[in-house]
Structure formats: structure tokens, C-alpha cells
Amino acid sequence: MDGSNRTIHPSCTGKPPVAIDIILQLDIFGIILYSVLTFMAAVSMLVYIEECIYIYRKVPSNKKSVIIWVNGAAPVIGTMSCLGMWIPRATMFTDMASACYFAIVVFKFLILMLEEVGGDEAFLRRAGKHKLRISTGPCCCCCPCLPHVAITRRSLFLLKLGSFQFALLKIVFTILSIVLWTNGNFDLADLEITGAAIWINPFVGVLTIIALWPVAIMFMHLRNTLHSLKIIPKYAMYQLVLVLSQLQSAIINILAMNGTIACTPPFSSQARGYSMSQQLLILEMFIITLVTRLLYRRQYDPLPIEHDDNENTKMVTVPENA
């Protein structure tokens, strides 16, 4: 039989289904899957709310805001993914909301490390005799010849600016994307040179890399000083949220747009890829929420004073000949 005569289900080329169509076509496995994932997203948000109450009551005022912001990354992304799972036509907007929130978290994590040291002034006092190693990921990990930078108010301001620009510009470009979408000029599946998405998304990607660089620089410098505060597993969770919410979703969405993921009515290939991405994120963010709760729910005592003979409080130093 000639393959050209095969009929294609209308849903394989149409828009994503509306929520009621998904509900009506769920089988037993689908009902269990959607119920469990929705339960996970709800528990994640409840755990986050309980943690916010704990932080509000137990944590010093200078750290409350940043810790609440950083802790919210996983539950917020999980909740947005749950909304995108139930309402596939809203996936673009839920993904944009998650991405905007995480852009703010990138900046807040940098501020969190500074606040754990005692704030900007305390950091400058502790770090006055040290230098920053800027040959680190994601920008310059392959450039060990780069000079080391003295820690001053100016260099600290530039580090903050490098991360803050992403928090600001990501929101600006998200609003611009929504405005262009209403006018029919923005479509994530449109990879033509005349489409807005092919220009906006790579530029946002560059901004992301620039924003991650100052955070990595600060972490490499403070990882010994903040070791007792579990900064390494905290940074690992922050990086894991980044990889899962950005890289994993991008890979799945690219495979879906290329037709690698099969069409399964009522989902087109692209809509099914988005749905798979949302479901994976709900599970992953649920686990990360529980782990971050263990890391951040602690007594927030002042950091010990740095002593030259105490390796646990010393910052990472750079040789003078560097």
C-alpha cells in the first residue's frame, strides 16, 4: 500500500488539546499518573509554604528574602509544570513564568552566598587580601591564563551586575515575546530566519551564560568558607534545577519539534513532547524540594571568624605569582 495514502489523525497537526479533552480521554493509567503528579506538585508547594513560615520565624532578617527566593525554585517550577500538564495550550506561558523566576533565583543565589558571609562589607573585609579566579565555567573554564582579579567594591558590583542583568532582561524579553505572540510574530516552532523566536532565544541563552559566570566565580571563592553551611550541596541543587528546567526541557522540545517523539492523539508530536517534559519536571522538582528543605532548614548562626590556621574558614586563595 502506498504510504502517501495513509491518513493522519487531525490532532497530529492541530493545536494542543484543551484541558477538558485530556480529562475525557484519560484511561486508568492516565488518571493515576495525573493524580500522582498533581499530588506531588501540591505537596511541593505545601512544603515550600511551611518552609517559608519557618524561615520567617527563625532566620535573620537580612537572609529571609534570598533564602525564600532560592528555596522557591523547585516548587514554583513544579507547580507551573503541573499547570502546563493539565492545560497544554498554556505551556509556553508556564515555561516563561518558570524561566523568569529562575532568572531571579540566579541573582538571589549570588546574594545568598554574600549574606552567608555576613553581607557585602563583611565579604570585603574577609576577602581584601584575596583575589578572584575568573577562569571558571560556564564562560572561561578553558582559559586558565586569564588574570586573577582583586576583590574590590567595583569587582563585587560587576559580579552582581552580571547576574542582575539576566533577572531584569529575561523578564523584559518574556514580555516582548508575549506581545509579539499576540501579534502572530512569535512561535517557538518557527525556526525561520524571519521569526522572532530564532533571534530572542539565542540572545537569552547568551545572557544566561553571562549570568551564571559570576555565581560560579563567587562559589569557587567561598566554597571553603561556607563549607560548614553546606554550600556545595546547595550549589549542586541550584545547578540541577538549572539543567533539568532548561537543558532537559530544551532537548525534549527539540526532539518533539523534529518529530522524533511520536504523535499520540489527542497530543501532536510537539504537544506530547511538552507534556513529557512537564511530567518529568514535576517528579524531579518534587525530589529537589525535599532535598533543599533538609539543606536550608537549620540554625543560622554567624559564620566563624576567618583564621589563617583554620582551613575550614579560609577563602580559596590565589598564589601571588598568579
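The following questions and answers walk through a predicted model of one protein chain.

Residues are numbered from 1 along each chain as its sequence is written. In this predicted model local features need pLDDT of at least 70, side-chain atom pairs count only at pLDDT 80 or more, and totals for chains, interfaces and linings use all residues, while side-chain values use heavy atoms, with hydrogens and water left out.

Student: What pattern does the protein chain follow along the sequence?
Tutor: Helices (H or I, at least four residues) and strands (E, at least two) are DSSP runs, numbered from the N terminus. The chain has 10 helices and 2 strands. Read along the sequence, the pattern is α-α-α-α-α-α-β-β-α-α-α-α.

Student: What percentage of the residues of the protein chain count as buried?
Tutor: Buried means under 20% relative accessible area, exposed over 50%, and partly exposed in between (1.4 Å probe, protein chains only). The chain has 322 residues. The buried share is 46%.

Student: Among contacts between residues at least 6 apart in sequence, what share joins residues at least 24 apart?
Tutor: Contact means heavy atoms within 4.5 Å. Take the contacts in the chain between residues at least 6 apart. The share joining residues at least 24 apart is 77%.

Student: Is H5 largely enclosed or largely open?
Tutor: H5 has 27 residues and reaches 39 Å from its first C-alpha to its last. That is close to the 39 Å expected at 1.5 Å a residue, where the expected span is 1.5 Å times one less than the number of residues. Of its 27 residues, 24 are buried, so H5 is largely enclosed by the rest of the structure.

Student: Which residues does Thr 94 touch, not counting residues up to four places away in sequence?
Tutor: Thr 94 sits in helix H5, residues 91–117. Thr 94 is buried, at a relative accessible area of 7%. The residues touched are Met 80, Leu 83 and Gly 84.

Student: Which residue just after H5 takes a positive phi?
Tutor: The phi value is about 130°. The residue is Gly 118.

Student: Which element gives the most to the lining of the largest cavity?
Tutor: On a 1 Å grid over the protein atoms alone, a cavity is a set of points where a 1.4 Å probe fits but cannot get out; a pocket is an open set with protein on both sides within 12 Å along at least five of seven lines; lining residues have an atom within 4 Å of a point. The count comes to 1 cavity of 30 Å³ or more. Helices H3 (61–71), H4 (73–86), H5, H9 (231–257) and H10 (269–296) each supply at least two lining residues. The top contributor, with 4 residues, is H9.

Student: What is the volume of the largest pocket?
Tutor: Grid points are joined across faces, edges and corners, and a volume is the space filled by probe spheres set on the points. For the largest pocket this gives about 1100 Å³.

Student: How does the lining of the largest pocket divide by class?
Tutor: Ala, Val, Leu, Ile, Met, Phe, Trp, Tyr, Cys and Pro count as nonpolar, Asp, Glu, Lys and Arg as charged, and the others, Gly among them, as polar. The division is 26 nonpolar, 10 polar and 2 charged.

Student: Which element supplies the largest share of the lining of the second largest pocket?
Tutor: The second largest pocket has a volume of about 510 Å³. Its lining has 18 residues, with Pro 16, Arg 89, Trp 181, Asp 187 and Gln 270 nearest its centre. H5 and H10 are the elements that give two or more. The largest share, 4 residues, comes from H5.

Student: How far apart are the C-alpha atoms of Ile 198 and Leu 188?
Tutor: Ile 198 is in helix H8. Ile 198 counts as partly exposed, at 29% relative accessibility. Ile 198 and Leu 188 are 10 residues apart along the chain, and their C-alpha separation is 8.1 Å.
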